[in-house]
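Here is a short briefing on one protein chain. It starts with the overall picture and then turns to particular features.

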Amino acid sequence: MAITKASIALPASVADTIIANAIGESAVMRLATQIALPGNGAAVPVVTGDPTAYFVDEGGVKTNSDATLVAKTMKPRTIAIIEPFSNQFRESYDALYNELVARMPRLLGERFDQEVFGGTAISGFDTLKGCAGVSIKDDVWSGLVAARAAVEAGDGEVNGFAMSNQGVTKMLAAVDNTKRPLFTAGVTEGEYGSVLGVPVVKARRAYAAKTSSTDEVLGFAGDWTKAMYGIVNGINIKISEDATLTTSGGTLNLFEKNMFAVRCEMEVGFVCADTDQFVKLTGAVKG
């Protein structure tokens, strides 16, 4: 179904492509598990303890063992972009389509990662900001082994790295204790490569505050099977020709400037079972 406003009409494929590319641009969405998320939120069952199996003598009483099950609530938060365009875009759907696809998905995906990695957790939306940090500043190999141990101590297993550009570069130059490169080329679509047999996806920036005056978060390692995200009804696109926008340079009247604006928004949620199953990877970067 086309999205229309006055003389502007967009094919439905625009919205479909934007949601697909937003997921592709988000490291969290590529690593975590997607669940269905209604507009009023969803209860996510979380198993915090495994049942225990016992040997039993013939004719003996079987021992009961209960897993610990709790429910976390995932609530959606809205990410929105308003982008003004010249009316010259009216002459070609391809121009508008290409501009939307090139810019908005990246911004939506990056903003979601930014909130998950460095935002403040609120009820119904978890973040990884408070998880423990492990330095890979001086010795990447030892740092990654320590990160693995920390995640395992939290009853998790490292199955994915979400790394900034600087973090990927640092991994590319790293070797193990036998001087073999740690990083291997990616073989799966959406992965940048792998380290120690674990997929690495690029998050552009780690989006978390510096841990000192020189060190900053380069990425996150963790058990991404314990992280979930949801999107409510995909991407919502609306177009206006007569709105007045508030910009950093003042107000922008679309009608006066012979322009129109596209508003692109997404309702998305994120929860993880336990931040002890994730660690920050820190190191020195320029600036």
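Among the contacts in the chain with a separation of 6 or more, 76% join residues 24 or more positions apart. The model is predicted. The chain has 287 residues, and buried residues make up 42% of them. Its secondary structure consists of 5 helices and 17 strands.

**Helix 1 against helix 3**

- Helix 1 spans residues 13-25 and helix 3 spans residues 93-118.
- Their axes come within 8 Å. They cross at roughly 40 degrees.
- The crossing of helix 1 and helix 3 is right-handed.
- Helix 1 makes the contact through S13, V14, T17, I18, N21, A22 and E25.
- Helix 3 contributes Y97, L100, V101, P105, R106, L108, G109 and D113.
- By residue class, the contact of helix 1 with helix 3 divides into 8 nonpolar, 4 polar and 3 charged.

- G109 is found in helix 3.
- Is G109 buried or exposed? G109 has 0% relative accessibility, so it counts as buried, the cut-off being under 20%.
- Which residues does G109 touch, leaving aside its neighbours within four places in sequence? G109 is in contact with A22, E25 and S26.
- Of these partners, A22 and E25 are also listed on the helix 1 side of the contact with helix 3.
- G109 and I23 are 86 residues apart in sequence. In space their C-alpha atoms are 6.3 Å apart.

**Cysteines**

- How many disulfides does the structure hold? The count is 0.
- A disulfide is a covalent bond between the sulfur atoms of two cysteines.
- C131 is in no disulfide. The nearest cysteine sulfur to that of C131 belongs to C272, and it is 8.4 Å away.
- C131 is buried, because its relative accessible area of 5% is under 20%.
- C264 has a relative accessibility of 0%, so C264 counts as buried too.

Terms used:
Residues numbered from 1 in each chain as written. Predicted model: local features only at pLDDT ≥ 70, side-chain atom pairs only at ≥ 80, totals over all residues. Heavy atoms only, no water. Axes fitted to C-alpha atoms, helices over the stretch in contact; angles between N-to-C directions. Helix = DSSP H or I, 4+ residues; strand = E, 2+ residues; numbered from the N terminus. Left-handed = near helix turned anticlockwise from the far one by under 90°. Contact = heavy atoms within 4.5 Å. Nonpolar A, V, L, I, M, F, W, Y, C, P; charged D, E, K, R; others polar. Disulfide = S-S within 2.5 Å. Buried < 20%, exposed > 50% of the residue type's maximum accessible area, 1.4 Å probe, protein only.
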